[in-house]
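User: Hi! Could you walk me through this structure, one question at a time?

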Amino acid sequence: HMRRVLAQGDTRPMAASAEAMADLKTILAERTPFYAKADHTLDTSEAPLEATFDKLLALARTLIAGEEPPQPHPANMQKNA
């Protein structure tokens, strides 16, 4: 998560605060069980906004058409940090 945030140019002082970083890690860890319930995921890591939107639009169109989206290759699946 933090790699993506920093890659987007977000350099808020949070990264310099051990307490803030610990809080963020706790929040993300608490969300993990909820994220795991998702029927579909979209990896947005290291992708520019336009490419991410295009992926999201394609996924939505596929689902609206009642089709199953292709399964991501295991090497491209998001890793839990």
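This is a predicted model: local features need pLDDT of at least 70, side-chain atom pairs count only at pLDDT 80 or more; totals for chains, interfaces and linings use all residues.

User: Which residues of α3 are buried, and what arc do they cover?

Analyst: Buried means under 20% relative accessible area and exposed means over 50%, with partly exposed in between (1.4 Å probe, protein chains only). By that cut-off, Thr52, Leu59 and Thr62 are buried in α3. They lie on the same side of α3, because the arc they cover around the axis (taken from the directions from the helix axis to the C-beta atoms) is only 95°.

User: And which residues are exposed on the other side of α3?

Analyst: An α-helix has 3.6 residues a turn, so residues three or four places apart point the same way. On the other side of α3, the exposed residues are Leu49, Glu50, Arg61 and Ile64.

User: What does threonine 52 contact beyond its neighbours in sequence?

Analyst: Threonine 52 lies in helix α3, residues 49–64, and counts as buried because its relative accessibility is 15%. Contact means heavy atoms within 4.5 Å. Leaving aside neighbours within four places in sequence, threonine 52 is in contact with Leu42, Thr44 and Ala47.

User: Which backbone oxygen does the side chain of threonine 62 reach?

Analyst: Threonine 62 is also in helix α3, and at 18% relative accessibility it counts as buried. Not counting residues up to four places away in sequence, threonine 62 touches Glu67, Glu68 and Pro69. Its side chain reaches, at 2.8 Å, the backbone oxygen of alanine 58.

User: What is the phi of glutamate 46, and is the residue buried or exposed?

Analyst: Glutamate 46 sits in the loop between α2 (18–35) and α3. Most residues other than glycine have a negative phi. Glutamate 46 is not a glycine, yet its phi is positive, about 55°. With a relative accessible area of 73%, glutamate 46 is exposed.

User: Turning to α2, which of its residues are buried, and over what arc?

Analyst: Helix α2 has 18 residues and reaches 25 Å from its first C-alpha to its last, close to the 26 Å expected. In α2, the buried residues are Ala20, Met21 and Leu24. They are on the same side of α2 because they cover an arc of only 90°.

User: Which element has the highest mean pLDDT?

Analyst: pLDDT is the predictor's confidence in each residue, from 0 to 100. The protein chain averages 80, and 73% of the residues score at least 70. Helix α1 (residues 2–7) has the lowest mean among the elements, 69, while the highest, 93, belongs to α3.

User: Last one: what percentage of the residues in the protein chain is buried?

Analyst: The protein chain has three helices and zero strands, running α-α-α from the N terminus on. Of its 81 residues, the buried ones make up 10%.

Terms used: Residues are numbered from 1 along each chain as its sequence is written. Side-chain values use heavy atoms; hydrogens and water are left out. Helices (H or I, at least four residues) and strands (E, at least two) are DSSP runs, numbered from the N terminus. A polar contact is a pair of N or O atoms within 3.5 Å; within protein, one must be able to donate a hydrogen and the other to accept it, and residues adjacent in sequence count only if both atoms are side-chain atoms. The expected span of a helix is 1.5 Å times one less than its number of residues.
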